[in-house]
Structure formats: structure tokens, C-alpha cells
Amino acid sequence: MAGQGGSALLDKVRWLLRRDKRKPALKPNKPLVLRDAVANCKPKNGEASCITEMSILMACWKQNNFVDSLCSSEINAFYTCVKKAEAAQKSKSQQGNVQGGRLTSKQATTLLTRFPNPRKGI
């Protein structure tokens, strides 16, 4: 079905370009094909983790004049939270790179280079 929509679009463009051998209604300044690469953009980061533990730790430091020995339980709680968050992020990245049905820019570029557009003009 996707191929039929693309051919209908090309037919429409051809019709606009050659309408009754008059001056074309559409003059493309670039070829009307997709490039074989996608812009390299970073995926959006999720929300920050362990913010509450960090704020508790900083409040403890402020109350105790930044002495680590008096805030050891808060430090341990923060580090365990960081370890859990890193493990969750690692397992999430190992499950699959396709997130929400979308490909990353690197995956899209590899697919487009594997199946490039034909180089013939319209």
C-alpha cells in the first residue's frame, strides 16, 4: 500500500511538470527523492533519576557542614539509587533500540543505505 501512495505522488508530480506541454507548474530545485541518510540527532533524555535522594543528601550536608561521616546513610541511599537507575537504563538499552515504534537516526541511515533510492530522474 505504501508503494501505491508513492507512485500516485510521482504521477501527480509528473502531471504537474508536464501539464499540456505548457510551462511547468512546479519547478523543483532539488531532486524529488529521499536522501540516503538521516540527520544525526541525539534521542531525548528521559527524566533525571535519584533527584530526591540527591536533595536529601545535599540537605544533610548543609545541616552538618559538609561532613561525609555524618551523612553516610544518605550517601549510601544515593549510591544504591544510582546503581538501580544505571541497571535499569542498561537493561532498557539491551531490550531493543526501537523505542515507541521509531527508529534511531543511526538505524534509519543504515536502512536507507542498504536500500537506496534509484538514481534515475523522474
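1. Start with serine 105. Setting aside neighbours within four places in sequence, serine 105 is in contact (heavy atoms within 4.5 Å) with Val38, Ala39, Asn40 and Cys41. Serine 105 sits in helix α4, residues 105-114. Helices here are DSSP runs of H or I with at least four residues, strands are runs of E with at least two, and both are numbered from the N terminus. With a relative accessible area of 12%, serine 105 is buried. For that label, buried means under 20% relative accessible area, exposed means over 50%, and partly exposed lies in between, using a 1.4 Å probe and protein chains only.

2. A word on what you're looking at. This is a predicted model, where local features need pLDDT of at least 70 and side-chain atom pairs count only at pLDDT 80 or more, while totals for chains, interfaces and linings use all residues. Residues are numbered from 1 along each chain as its sequence is written, and side-chain values use heavy atoms, with hydrogens and water left out.

3. Stay in α4 for a moment. Alanine 108 is also found in this helix, and alanine 108 is buried at 18% relative accessible area. Leaving aside neighbours within four places in sequence, alanine 108 is in contact with Val38 and Leu103. Val38 is also one of the contacts of serine 105. Alanine 108 and alanine 37 are 71 residues apart in sequence, yet their C-alpha atoms are 7.5 Å apart in space.

4. Now the overall layout. The secondary structure comes to 4 helices and 0 strands, so from the N terminus on you simply read α-α-α-α. Of the 122 residues, 10% count as buried. Among contacts between residues at least 6 apart in sequence, 53% join residues at least 24 apart.

5. Next, the pairing of α2 (residues 51-63) with α3 (residues 72-95). The two helices pack at an angle of about 160 degrees, with their axes 9 Å apart. Axes are lines fitted to C-alpha atoms, for helices over the stretch in contact, and angles run from 0 to 180 degrees between N-to-C directions. α2 and α3 are therefore roughly antiparallel to each other: angles over 145 degrees get that name, under 35 is roughly parallel, 65 to 115 is roughly perpendicular, and the rest are oblique. Their crossing is left-handed, a label used if the near helix is turned anticlockwise from the far one by less than a right angle, with clockwise being right-handed.

6. Which residues do the meeting? From α2 come Glu53, Met54, Ile56, Leu57, Cys60 and Trp61, and from α3 come Glu74, Ile75, Ala77, Phe78 and Cys81. By class, the contact has 9 nonpolar, no polar and 2 charged residues. Nonpolar covers Ala, Val, Leu, Ile, Met, Phe, Trp, Tyr, Cys and Pro; charged covers Asp, Glu, Lys and Arg; the others, Gly among them, are polar.

7. The largest nonpolar core has 7 residues: Cys50, Leu57, Cys60, Cys71, Ile75, Phe78 and Cys81. Such a core is a set of buried Ala, Val, Leu, Ile, Met, Phe, Trp, Tyr and Cys residues joined through side-chain atoms within 4.5 Å. α2 and α3 are the elements that give two or more residues to this core, and α3 gives the most, with 3. In soluble globular proteins, nonpolar side chains tend to be buried together.

8. Isoleucine 75 is found in α3 and is buried, with a relative accessible area of 15%. Leaving aside neighbours within four places in sequence, isoleucine 75 is in contact with Leu57, Trp61 and Asp68.

9. Methionine 58 is in α2, but at 46% relative accessibility methionine 58 counts as partly exposed. C-alpha to C-alpha, methionine 58 and cysteine 71 are 9.3 Å apart, and 13 residues apart in sequence.

10. Finally, two loop residues to check for backbone geometry. Cysteine 50, in the loop between α1 (2-17) and α2, has phi near 65 degrees, a positive value in a residue other than glycine. Asparagine 65, in the loop between α2 and α3, has a positive phi of about 55 degrees although it is not a glycine. Buried or exposed? Cysteine 50 is buried, with a relative accessible area of 8%, whereas asparagine 65 counts as exposed at 64%.
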